[in-house]
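This report describes the architecture of one protein chain and several of its local features. The sequence and the structure are shown first.

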Amino acid sequence: MASILLVTFPFFALVAAGYLAARRGWLPLAAIPGLNGFVLFFALPAMLYRFGASTPIAQLLDPTVAGVWLVCALLVVGLAVVFSLGGRIGWNDAAFGALVAAFPNSGFMGVPLIAALLGPLAVGTVIVVIVVDMVITSSLCIALSRLDAGEGGARAALRQALLGVLRNPMPWAIGAGALASAWRLTLPGPLDKTVALLADAASPVALFTIGAVLARSQMQADHPMPWRDYVPLALVKLALHPLLVLLLGAAAARLGAPLQASTLTVLVLTAALPSASNVSLLAERMGADNGRIARIILVSTALAFVSFSAATAWLRPG
């Protein structure tokens with residue numbers, strides 16, 4: 001456990017540092033979108049390209065991994081919506097609560113953390129997860145969030161969600177890396193060095209930004225809320241989601257699916273990550289209760305330091 005904490009502690013410490021910087025005013029709130037933009041449009045795509053280019057193409061196109069992850073994500077979304085819907089919570093808030101319960105922070109936190117724990121080859125599995133969540137899980141939840149507006153609203157929201165995926169640089173970076181892997185392409189020396197510098201900056205800046213985003217969301221969530229509106233969904237993210245992935249993946253492997261134990265370990269640890277911090281930005285844009293979403297993310301991130309480390313100690317070989 002001590003060796004695992006040596007890896008996980010710095011990651012969560014950087015999140016805490018970003019949170020503290022924003023709360024104490026050392027980082028102006030107006031600067032947070034700039035940090036987020038640097039990570040989203042420059043550093044993280046460079047890191048995803050590098051990992052994609054160095055990962056065998058078969059791993060990036062693994063239908064078993066995609067299928068297991070998608071089924072579990074749909075189960076979590078369905079359970080979260082059923083649990084939340086009704087009374088004070090309509091489709092908009094229920095859908096984003098479901099998204100934050102099913103969408104781990106696999107990009108900003110998962111890729112560098114799991115690479116540090118299990119090695120760079122494990123990142124190929126995380127990349128598959130990122131694609132499934134960006135293209136399907138998030139699009140589905142955005143469409144569900146518009147059901148209060150009628151069927152036409154859901155269709156329009158789904159179309160906007162898919163357009164948002166096309167404007168997101170992360171899928172393009174993953175696709176470019178996959179092509180480079182398939183065709184065994186290498187970048188020219190100066191360009192490769194530039195990509196490497198950006199990729200090396202992705203992990204610390206992304207983690208610091210997560211903390212700053214969480215602090216800003218909490219500072220702006222100025223209305224009281226009963227704990228039952230957000231704590232259970234944080235526990236769904238940290239406990240139920242990885243448990244479903246473990247059970248379904250083990251069942252698929254037992255039935256003959258080509259799912260190795262090491263790959264299943266990566267999937268379970270990815271599911272055990274805290275909720276994705278960028279869901280709060282999306283919820284705010286779509287008019288959902290961003291205070292509730294921010295609380296779910298904050299609770300899941302705080303608890304994940306213990307729960308994720310414990311899951312790693314249990315699952316990691318050796």
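The sections below proceed from the overall fold to individual helices and residues.

## Overall architecture

The structure is a predicted model. Along the principal axes, the C-alpha atoms fill a box of roughly 55 × 50 × 45 Å.

Buried residues make up 53% of the 318 residues of the chain. Among contacts with a separation of 6 or more, 86% are between residues 24 or more positions apart.

## Nonpolar cores

The largest nonpolar core has 96 residues, and within it Leu 48 and Phe 96 touch the most other members. Helix H7 (residues 123-145) supplies the largest share of this core, with 11 residues. Another core, of seven residues, lies apart from it; Ala 21, Ile 32, Ala 212 and Ala 215 are among its members.

Beyond its neighbours within four places in sequence, Phe 96 is in contact with Ile 142, Ser 145, Val 279, Leu 282, Ala 283, Met 286, Ala 288 and Ile 293.

## Helix H6

Helix H6 covers residues 106-118. The end C-alpha atoms of this 13-residue helix are only 14 Å apart, short of the 18 Å that a straight helix would reach at 1.5 Å a residue. Gly 119 follows H6 and has a positive phi, near 100°.

H6 is largely enclosed by the rest of the structure, because 11 of its 13 residues are buried. These buried residues are Ser 106, Gly 107, Phe 108, Met 109, Gly 110, Val 111, Pro 112, Leu 113, Ile 114, Ala 115 and Leu 117. They pack against helix H1 (2-23), H2, H7, helix H10 (189-220), helix H12 (261-271) and helix H14 (290-315).

At the start of H9, a side-chain oxygen of Asn 168 comes to within 2.9 Å of the backbone nitrogen of Met 170. The buried residues in H9 are Pro 169, Met 170, Ala 173, Ile 174, Gly 177, Ala 178, Ala 180 and Ser 181. An α-helix has 3.6 residues a turn, so residues three or four places apart point the same way.

Arg 184 follows H9 and is found in the loop between H9 and H10. Phi of Arg 184 is positive, near 55°, in a residue other than glycine. Most residues other than glycine have a negative phi. With a relative accessibility of 76%, Arg 184 counts as exposed, the cut-off being over 50%.

## Thr 55 in the loop between H2 and H3

Thr 55 is found in the loop between helix H2 (32-53) and helix H3 (57-60). Its relative accessibility is 2%, so Thr 55 counts as buried; the cut-off for that class is under 20%. A polar atom of the Thr 55 side chain lies 2.5 Å from the backbone oxygen of Phe 51. Leaving aside neighbours within four places in sequence, Thr 55 is in contact with Leu 60, Gly 124 and Ser 181.

## The salt bridge

How many salt bridges does a search of the whole structure find? The search finds one. In this pair, Arg 50 forms a salt bridge with Asp 200, and the closest N and O atoms are 3.0 Å apart. The pair links distant parts of the chain, with Arg 50 in helix H2 and Asp 200 in helix H10, 150 residues apart. Arg 50 is partly exposed, with a relative accessible area of 34%.

## Leu 281 in helix H13

Leu 281 belongs to helix H13 (residues 278-285) and is partly exposed, at a relative accessible area of 21%. Not counting residues up to four places away in sequence, Leu 281 touches Asn 36 and Arg 216. The C-alpha atoms of Leu 281 and Ile 127 are separated by 22 Å, the two residues being 154 residues apart along the chain.

Conventions: Residues are numbered from 1 along each chain as its sequence is written. This is a predicted model: local features need pLDDT of at least 70, side-chain atom pairs count only at pLDDT 80 or more; totals for chains, interfaces and linings use all residues. Side-chain values use heavy atoms; hydrogens and water are left out. Helices (H or I, at least four residues) and strands (E, at least two) are DSSP runs, numbered from the N terminus. Buried means under 20% relative accessible area, exposed over 50%, partly exposed in between (1.4 Å probe, protein chains only). A polar contact is a pair of N or O atoms within 3.5 Å; within protein, one must be able to donate a hydrogen and the other to accept it, and residues adjacent in sequence count only if both atoms are side-chain atoms. Contact means heavy atoms within 4.5 Å. A nonpolar core is a set of buried Ala, Val, Leu, Ile, Met, Phe, Trp, Tyr and Cys residues joined through side-chain atoms within 4.5 Å. The expected span of a helix is 1.5 Å times one less than its number of residues. A salt bridge is a side-chain nitrogen of Lys or Arg within 4 Å of a carboxyl oxygen of Asp or Glu.
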